[in-house]
Amino acid sequence: MDTTQLKEKLKDQLSEIHQRGYIVSLRGGPTGIGKTLETLLGVKENNLKSPDLGNIELKCKRIKSTSRITMFTSDKGVWKIEQKELIKQYGKENEKGRWGLYTTAKNQPNNRGFFVKVDQDAIRVCNIDGHIAVEWQLEDLIEYLNEKLLNVLLVHAESYKSGGQEEFWYKEAYLLTGLILERFFELIEDGAIVIDLRMHIKESGSVRNHGTGFRLHRRYWDSCYNNTERLL
């Protein structure tokens, strides 16, 4: 199925989903909005490099949410400091005695000393003490972006909680096509795209990593693409 056919199919599916009104979330927590829509669209959940819908990646946001949207997560082969050592060196202990490192890095040093640096060969999360925590080779990152985020379907939903259970009404959908790589790197340099480190040491001693995420506010997404078309 080519992009035009897929677009028309998505229009029909999204219209039907919208007309159903509020739909009970199929999963608790922040990822429920995406999991529920994936199921409604017949998409199998995956952590693969390939997009969710043919050559289109699916992203969802709650309409009232002001938090950034995760563009992608990347952890394989990027650590310059072993993760457990990184947590011990730069993390902190919570009230239950568990060590964790949860911090957002951008173009200027944060309160933990972490900042993002864009070089000719790589994007790095560094610390003001001179250490490099994470490093993505530009060549690998460009290949990944062109494969995973070339086109994005961004869906907005109203969120409603009843008795502790969340429900979603999917109200708007925008198809963003033609990723502009130069703009992606500009937004990192400007501090609009941030990188979240989210990990802790479990009781077993192993590390639980929730995904090292590149994240961006909704208002910047359209500027990363050549074209935006409303489908719903």
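How are helices H4 and H5 oriented to each other: parallel, antiparallel, perpendicular or oblique? H4 and H5 are oblique to each other. Angles under 35 degrees count as roughly parallel, over 145 as roughly antiparallel, 65 to 115 as roughly perpendicular, and the rest as oblique.

This is a predicted model, in which local features need pLDDT of at least 70, side-chain atom pairs count only at pLDDT 80 or more, and totals for chains, interfaces and linings use all residues. Residues are numbered from 1 along each chain as its sequence is written, and side-chain values use heavy atoms, with hydrogens and water left out.

**Overall build**

The protein chain has six helices and 14 strands. Helices (H or I, at least four residues) and strands (E, at least two) are DSSP runs, numbered from the N terminus. The C-alpha trace spans about 55 × 45 × 25 Å along its principal axes.

Of the 232 residues, 49% count as buried. Buried means under 20% relative accessible area, exposed over 50%, and partly exposed in between (1.4 Å probe, protein chains only). Contact means heavy atoms within 4.5 Å. Among contacts with a separation of 6 or more, 63% join residues 24 or more positions apart.

**Helix pairs**

Two packed helices are described by the angle between their axes and the distance between the axes. Axes are lines fitted to C-alpha atoms, for helices over the stretch in contact, and angles run from 0 to 180 degrees between N-to-C directions.

| Pair | Axes come within | Crossing angle |
|---|---|---|
| H1 and H2 | 10 Å | roughly 120° |
| H4 and H5 | 11 Å | roughly 120° |

H4 covers residues 138–148 and H5 residues 181–190. H4 passes H5 in a right-handed crossing. The crossing of H1 and H2 is right-handed. A crossing is left-handed if the near helix is turned anticlockwise from the far one by less than a right angle, and right-handed if clockwise.

From H4, Leu 138, Leu 141, Ile 142, Leu 145 and Asn 146 meet Leu 181, Phe 184 and Phe 185 of H5. That contact has seven nonpolar residues, one polar and no charged. Ala, Val, Leu, Ile, Met, Phe, Trp, Tyr, Cys and Pro count as nonpolar, Asp, Glu, Lys and Arg as charged, and the others, Gly among them, as polar.

From H1, Leu 10, Gln 13 and Ile 17 meet Leu 37, Leu 40 and Leu 41 of H2. The residues here divide into five nonpolar, one polar and no charged.

**Helix H2**

H2 (residues 32–41) is largely enclosed by the rest of the structure, because seven of its 10 residues are buried. The buried residues are Gly 32, Ile 33, Gly 34, Thr 36, Leu 37, Glu 38 and Leu 41. Their cover includes H1 and strands E1 (23–24), E2 (57–62), E9 (151–162) and E10 (165–179). Just after H2, Gly 42 takes a positive phi of about 80°.

Lys 7 lies in H1 (residues 3–19). Lys 7 is buried, at 18% relative accessible area. Leaving aside neighbours within four places in sequence, Lys 7 contacts Leu 175, Glu 229 and Leu 231.

His 18 is also in H1. At 25% relative accessibility, His 18 is partly exposed. Not counting residues up to four places away in sequence, His 18 touches Trp 169, Tyr 170, Lys 171 and Leu 232. The C-alpha atoms of His 18 and Val 43 are separated by 17 Å.
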